[in-house]
Amino acid sequence: MNFIVIGAGLAGTEAAWQIAQSGNKVTLIEQKPLKKSPAHKSDSFAELVCSNSLKASRVDSAAGLLKEEMARLGSLTVPIARECSVAAGGALAVDRELFSKAVTEKIKSHKNINIVYEVAESVPAFEDTVTVVATGPLTDGKLSESIKNLCGDYLSFYDAASPIITADSINTDIVFGASRYSRGGENDYLNCPFNKEEYENFINELINAEGAIVHDFDVYEGCMPIEKLAKRGFDAPRFGPMKPVGLINPATGHRPWAAVQLRRENAQGTMYNLVGFQTNLKFGEQKRVFSMIPGLENAEFVRYGVMHRNSFLDSPRVLNSDFSMKKYPNIFFAGQITGVEGYMESAASGIIAGKNAVRFSQGRRSIKLPQTTMTGALCAYISDGSVINFQPMGANFGVLLPLEKKIRDKRDRYAAYAERALQALEEVIE
């Protein structure tokens with residue numbers, strides 16, 4: 001069986017490393033330095049194109065837990081990141097040049113990895129070849145068309161997403177469950193009710209909040225940022241996504257002046273998204289302004305709203321939890337193109353795709369990590385058929401299965417999540 005990995009970013013280098021470490025020969029195809037995306041500057045592998053921070057290092061944080069799981073799964077990048085770290089408080093930040101250089105040297109010196117520098121134009125679909133596509137969110141050109149042909153209409157070219165919050169952080173003394181006109185189940189939607197004064201204060205802050213700069217993204221009506229809609233008229237949101245029509249607040253017996261609806265993001269109901277609240281506000285502004293929504297004053301944001309060009313698969317319709325295609329099981333995807341978001345999340349998906357590519361070639365069952373682990377929960381999220389409006393997701397405690405016993409203190413709750421995750425991972429490894 002032949003192995004091919006396309007793309008030498010974080011996901012691609014991890015996938016190639018896992019295949020090579022299993023004793024198999026693998027060809028790693030990389031387009032740099034022949035071609036670079038607008039975001040890439042270096043010729044090295046695993047280039048960090050934005051921040052040099054890999055987020056929190058504490059094991060009782062979502063990002064820290066993910067990195068610890070990766071290290072125990074034989075990660076290439078996590079040990080290197082720790083060796084190349086720079087002072088950053090509680091975060092694991094790296095000297096990006098040293099990091100990329102070290103990853104590149106490891107890959108180039110591995111006897112089982114053959115590096116081919118070329119611009120891939122199609123995804124190999126030969127029966128005797130296992131392919132891992134790890135080309136990132138800026139995949140374009142003929143390769144993008146090839147992927148689209150494989151996936152049908154399940155490839156998006158923009159990322160227009162509303163914020164997502166944890167269910168535990170919603171104030172249920174204020175928020176009530178109801179669907180407009182009693183259509184659907186009582187808990188299909190949660191509703192955050194505004195009175196007139198609350199609405200006016202909220203809209204005033206919304207239209208004056210600081211936005212992020214949008215590059216290479218043309219907004220159309222169906223993806224109108226909530227703040228742009230508000231600037232069209234003070235009552236525009238109240239006649240749009242915040243319309244209260246068909247809703248009765250059981251606490252008052254009356255219809256609220258306006259309402260923000262929250263919709264389940266996953267089958268477990270551990271996360272909710274703000275319906276119709278795609279936004280281009282800076283993350284800090286989203287936290288400040290959206291916490292003014294009644295019932296969300298203590299909201300924990302697991303993902304902020306974003307609007308930018310970003311190619312990613314509608315993975316629940318295309319991929320299995322092992323990152324293989326449902327239609328072509330010898331083709332795997334890894335990295336941000338699958339809908340995992342973040343440096344280490346991309347690398348983690350490469351680990352799982354690489355390990356399972358080997359197991360597929362051997363006719364063995366895929367590794368399936370439990371959803372009590374951060375890695376396993378992300379695998380489950382990208383393949384969860386109950387997620388209809390799929391959007392990329394990074395590591396957060398909201399994707400994990402709930403704890404059996406509810407713990408109110410956030411720090412204690414996160415520590416319990418981490419302890420349970422690492423224990424479950426060790427059982428799988430053993």
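The model is a predicted one, in which local features need pLDDT of at least 70 and side-chain atom pairs count only at pLDDT 80 or more, while totals for chains, interfaces and linings use all residues. Residues are numbered from 1 along each chain as its sequence is written, and side-chain values use heavy atoms, with hydrogens and water left out. Helices (H or I, at least four residues) and strands (E, at least two) are DSSP runs, numbered from the N terminus.

**Helix α2 with helix α12**

- The crossing of α2 and α12 is right-handed, where a crossing is left-handed if the near helix is turned anticlockwise from the far one by less than a right angle, and right-handed if clockwise.
- On the α2 side, Leu65, Glu68, Glu69 and Arg72 meet Tyr417, Ala418, Ala421, Leu422, Leu425, Glu426 and Ile429 of α12, contact meaning heavy atoms within 4.5 Å.
- By class, this contact of α2 with α12 has 7 nonpolar, no polar and 4 charged residues, where Ala, Val, Leu, Ile, Met, Phe, Trp, Tyr, Cys and Pro count as nonpolar, Asp, Glu, Lys and Arg as charged, and the others, Gly among them, as polar.

**Helix α2 with helix α10**

- The crossing of α2 and α10 is left-handed.
- In this pairing, Leu66, Lys67 and Met70 of α2 meet Met344, Glu345, Ala347, Ala348 and Ile351 of α10.
- Sorted by class, the contact of α2 with α10 has 6 nonpolar, no polar and 2 charged residues.

- Helix α10 is mostly covered, since 15 of its 19 residues are buried, buried meaning under 20% relative accessible area, exposed over 50%, and partly exposed in between (1.4 Å probe, protein chains only).
- After α10 comes Gly363, which has a positive phi near 70°.
- Helix α11 (residues 374-382) is also mostly covered, with 9 of its 9 residues buried, and these buried residues pack against α2, α9 (315-318) and α10.

**Loop residues**

- The peptide bond from Lys32 to Pro33 is cis, with omega near 5°, and Pro33 has its place in the loop between β2 (26-30) and β3 (53-56).
- Ala46 lies in the loop between β2 and β3; the phi of Ala46 is near 50°, a positive value in a residue other than glycine, and at 1% relative accessibility Ala46 counts as buried.
- Phe323, in the loop between α9 and β18 (331-333), has a phi near 75°, again a positive value in a residue other than glycine, and Phe323 is buried, with a relative accessible area of 1%.
- Phe234, in the loop between α7 (226-232) and β13 (258-264), is partly exposed, with a relative accessible area of 37%.
- Not counting residues up to four places away in sequence, Phe234 touches Tyr199, Glu200, Ile203 and Asn204; Phe234 and Ile203 are 31 residues apart in sequence and 7.0 Å apart in space, C-alpha to C-alpha.

**Thr13 in helix α1**

- Thr13 is found in helix α1 (residues 10-21) and is buried, with a relative accessible area of 0%.
- Leaving aside neighbours within four places in sequence, Thr13 is in contact with Gly7, Ala8, Phe45, Ala46, Leu76, Thr77, Val103 and Ile107.
- Thr13 and Ala418, which are 405 residues apart in sequence, lie 27 Å apart in space, C-alpha to C-alpha.
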